[in-house]
Amino acid sequence: MEFRVREYRAEAAACCLAREAAVEHPLSSRSFRKENEQKKKGGIIDRTFIYKQQHHYPTSTSASSSHIEFDDAASGKGTFVDPLSGSAPESLASADKKLVNFFEKMVLRGASDEAVEAAAKEWDAYKMLLMKKYACTTINTFTLSTASDVISRSFKARGKSLTSVHLKELDDPEKNAEEEVKVISQQEYVMRLCELNNEIAQAWQQNERVTALKLSIKVARLLSDTSVPQFYPTLFILVTDIMDTLGSLVWKRIKRKAEFDDEGNIIRLLPEGFTCIDVPREAKETCSNWFYKIGSIRELLPRIYLEVAIFRSRYFLDENPLNVCQRLSLMIRGLADPLASAFAHLYLAHCAQALIPYEKGFLITGLSDYITLFQRVLSGNLGTKMMKSYHEKRMYVRLMEPVIEWITRCIFNHADQEMIIQLLRDFGVQPNEWKPTQSIHPVSVLVHFLLKQLPATVVSTHALGLLKLVESSVDLSMAQYLNYRLLGFKLCECSPPGKLRLTILNEVLEVVTQYSDANEYLMVLDVYIDYILQNNMVFLGSGAGVSFTLTSFALF
């Protein structure tokens, strides 16, 4: 067994919140700060009203019951606003009301069936793309490991009672292990997973819910086997289909228990966007029992997948789903295998997107954690068998692309302009510069999908910062010229400010003219020729061959 090497100081530094110096005392009055500012005008410190701008305090300085006037020898007469006395400012009250309404919409909207169905359709379309992109055609047979015993034993269910067969296997696993089929074909593997999905649903209909849960645990355990990485995306899709089936069955059972009694009589139909207050005590006990059962699973990976699968049932309990997502994201840190960790983050993002689409904190935390592990994959410090050669490492990295693509899509989904700009700051991107941050270190594939999700208008206003981000992200995960090309497409959709157009073009050509691959150079140049024509630029310099350099441009 291989244990993951942890760098606790580096991880602690990466998870720390960014800190900013308090320029002004948050309880000082506007007039006091303005007098200080006027007195120190032209000096070393140029103070700003940061706290007031962030919290939208009123600009009026009229005295009230909560205003205290005082005399200060250094600054003269000032006014102190006591935040603990009197009524809150109207702007603060309205801001708090907006915040409460935002969180209500963020949580309650996810409980609706319409939001879940819409997210399911989007996920089904994405799964079809993954199945086509990562179809495993080079490997025909598999050698089953101990985690795959549920696959080899599914032969025995044919022609026999489902309950008797699986309970016998669970009671005496060692005896049945001797009869296992060690090698099966890929087609048989897929077929048996589809059969297990039907068997779990059949066991549930026959009120054999313990059997269905135990089979689901065994199916989830299959994702701990990454010995055939080319097949892992297909395995993930088939296994998560079974997890989604179980989650839907649990949700329907608890909801029926909340709305009907044991004899089938209606107690009370739950309203759309219900809360835990509307749920009867018996239904809450049943829901808690399911989470207790899953929490007692020994293996970490099945426990994570099953809790994520029934995550929607959290709405029946008096718990904050936002905190649960953060806890599950931190639990995934315990998965040392980078492939298993990546797809666990993917499944968490998929299930949470349908329920709390406006919450981004746990997604950014999970992405930051995974990028830390992903960098070790790029450097080859994991000692995995797939890290022997460049081509094998590139194939291993390619398998993780859909994880980063989907998480970045979820991060920028339902995000307004202000939120997108704040997310860019988390990545260290400013309008005219890029500064490395401790939260997320940019890798080339992350930068690619970041550019892909950003609106063209935001790319235009942050063009220089994004350009510096692309320049700094050079690694094995994705070729740099693809990022320059994608950035060019975005800039053609929405041109940057006039004074920056020439600077951006010069910086791009300064890098790409150093490429040794003529095909990569021409693919980038093809996009930026359109950029030149759209912005009415004319070339005034001269050059020869592929290695020509830009000497000067003029704008009409």
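**Cavity linings and a helix pair in a predicted model**

The second largest cavity of this predicted model is lined by Arg4, Ser329, Ile332, Arg333, Leu335, Ser341, His345, Asp369, Tyr370 and Leu373.

User: What makes these residues lining residues of the second largest cavity?
Analyst: Lining residues have an atom within 4 Å of a cavity point. Arg4 and Tyr370 are among those that line this cavity, which has a volume of about 60 Å³.

User: Which helix gives the largest share of that lining?
Analyst: α16 does, with 3 residues. Both α15 and α16 supply at least two residues each.

User: How does the lining of the second largest cavity divide by class?
Analyst: It divides into 4 nonpolar, 3 polar and 3 charged residues.

User: What lines the largest cavity, and how much space lies in it?
Analyst: About 90 Å³ lies in the largest cavity. Its lining consists of Arg4, Arg6, Glu11, Ala14, Cys15, Arg333, Ser368, Asp369 and Thr372. By class, that is 2 nonpolar, 2 polar and 5 charged residues.

User: Why is α14 called roughly antiparallel to α15?
Analyst: The helices α14 (residues 321-331) and α15 (residues 338-355) pack at an angle of about 170°, with axes 10 Å apart. Angles over 145 degrees count as roughly antiparallel, so α14 is roughly antiparallel to α15.

User: Which residues make that contact?
Analyst: From α14, Cys325, Leu328 and Ser329 meet His345, Leu348 and Ala352 of α15. The contact has 4 nonpolar, 2 polar and no charged residues.

How values were computed:
Residues numbered from 1 in each chain as written. Predicted model: local features only at pLDDT ≥ 70, side-chain atom pairs only at ≥ 80, totals over all residues. Heavy atoms only, no water. Axes fitted to C-alpha atoms, helices over the stretch in contact; angles between N-to-C directions. Helix = DSSP H or I, 4+ residues; strand = E, 2+ residues; numbered from the N terminus. Parallel < 35°, antiparallel > 145°, perpendicular 65-115°, else oblique. Contact = heavy atoms within 4.5 Å. Nonpolar A, V, L, I, M, F, W, Y, C, P; charged D, E, K, R; others polar. 1 Å grid on protein atoms, 1.4 Å probe; cavity = no way out; pocket = protein on both sides within 12 Å on 5 of 7 lines; lining within 4 Å. Points joined across faces, edges and corners; volume = space filled by probe spheres on them.
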